[in-house]
Amino acid sequence: MMPEGPSFPVCSTFVQELFQAQYRSSLTCPHCQKQSNTFDPFLCISLPIPLPHTRPLYVTVVYQGKCSHCMRIGVAVPLSGTVARLREAVSMETKIPTDQIVLTEMYYDGFHRSFCDTDDLETVHESDCIFAFETPEIFRPEGILSQR
């Protein structure tokens, strides 16, 4: 006995062999009871959509020096964690050492808040105006003594 409906082509790929199937539509005439069948092939591939582990934040970096200038950068930070991760991301992007970065939220009317490394990163929103100020290198007397 022959199977009902068209068969898949012989030269199929492994994707077709694993994920191809057919929809079968069947209609019956109410007068003569003749049945008509149509077959439509389809591919069924379900792929999981990964959940994001990071989110973007835009930071305006203010460089120090005689020719100080600003640059707006985008960094990816974890969904949860501390502001220390934001400071590290800014440092990696700008090559400024982490201990020479001061993170603040600032608007046209002035400073609104400064951030500590232990602050929760969830308190920083994508719409906040975050500034990263490069500070001068910290003077360490023990560094001079060890260089002698």
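The structure described here is a predicted model, in which local features need pLDDT of at least 70 and side-chain atom pairs count only at pLDDT 80 or more, whereas totals for chains, interfaces and linings use all residues. Residues are numbered from 1 along each chain as its sequence is written, and side-chain values use heavy atoms, with hydrogens and water left out.

Helices (H or I, at least four residues) and strands (E, at least two) are DSSP runs numbered from the N terminus. Pro-97 lies in the loop between α2 (83–94) and β5 (101–107), and, with a relative accessible area of 38%, this residue is partly exposed. Between Pro-97 and Arg-87 there are 9.3 Å from C-alpha to C-alpha, the two being 10 residues apart in sequence.

Strand β7 (residues 130–134) is mostly covered, since four of its five residues are buried. Two strands are taken to pair if DSSP finds at least two bridges between them. On this basis β7 pairs with β3 (residues 54–62) in the parallel sense over four bridges, and with β5 in the antiparallel sense through five bridges. Phe-133 of β7 stands opposite Val-62, and Phe-133 is also the bridge partner of Val-102.

A nonpolar core is a set of buried Ala, Val, Leu, Ile, Met, Phe, Trp, Tyr and Cys residues joined through side-chain atoms within 4.5 Å. The largest such core holds 19 residues, of which Val-59, Val-75, Leu-86 and Val-90 touch the most other members. Two or more residues are given to this core by each of β3, β4 (70–78), α2, β5 and β7, and α2 gives the most, with four residues. In soluble globular proteins, nonpolar side chains tend to be buried together. When neighbours within four places in sequence are left aside, Val-90 is in contact (heavy atoms within 4.5 Å) with Val-59, Val-61, Ile-73, Val-75, Lys-95, Ile-101 and Ala-132.

With a disulfide defined as a pair of cysteine sulfur atoms within 2.5 Å, the structure holds zero disulfides. For Cys-29, the closest cysteine sulfur is that of Cys-32, at 3.6 Å, which is too far for a bond. Cys-29 counts as partly exposed at 26% relative accessibility, and Cys-116 is likewise partly exposed, with a relative accessible area of 45%.

How values were computed. Buried means under 20% relative accessible area, exposed over 50%, partly exposed in between (1.4 Å probe, protein chains only).
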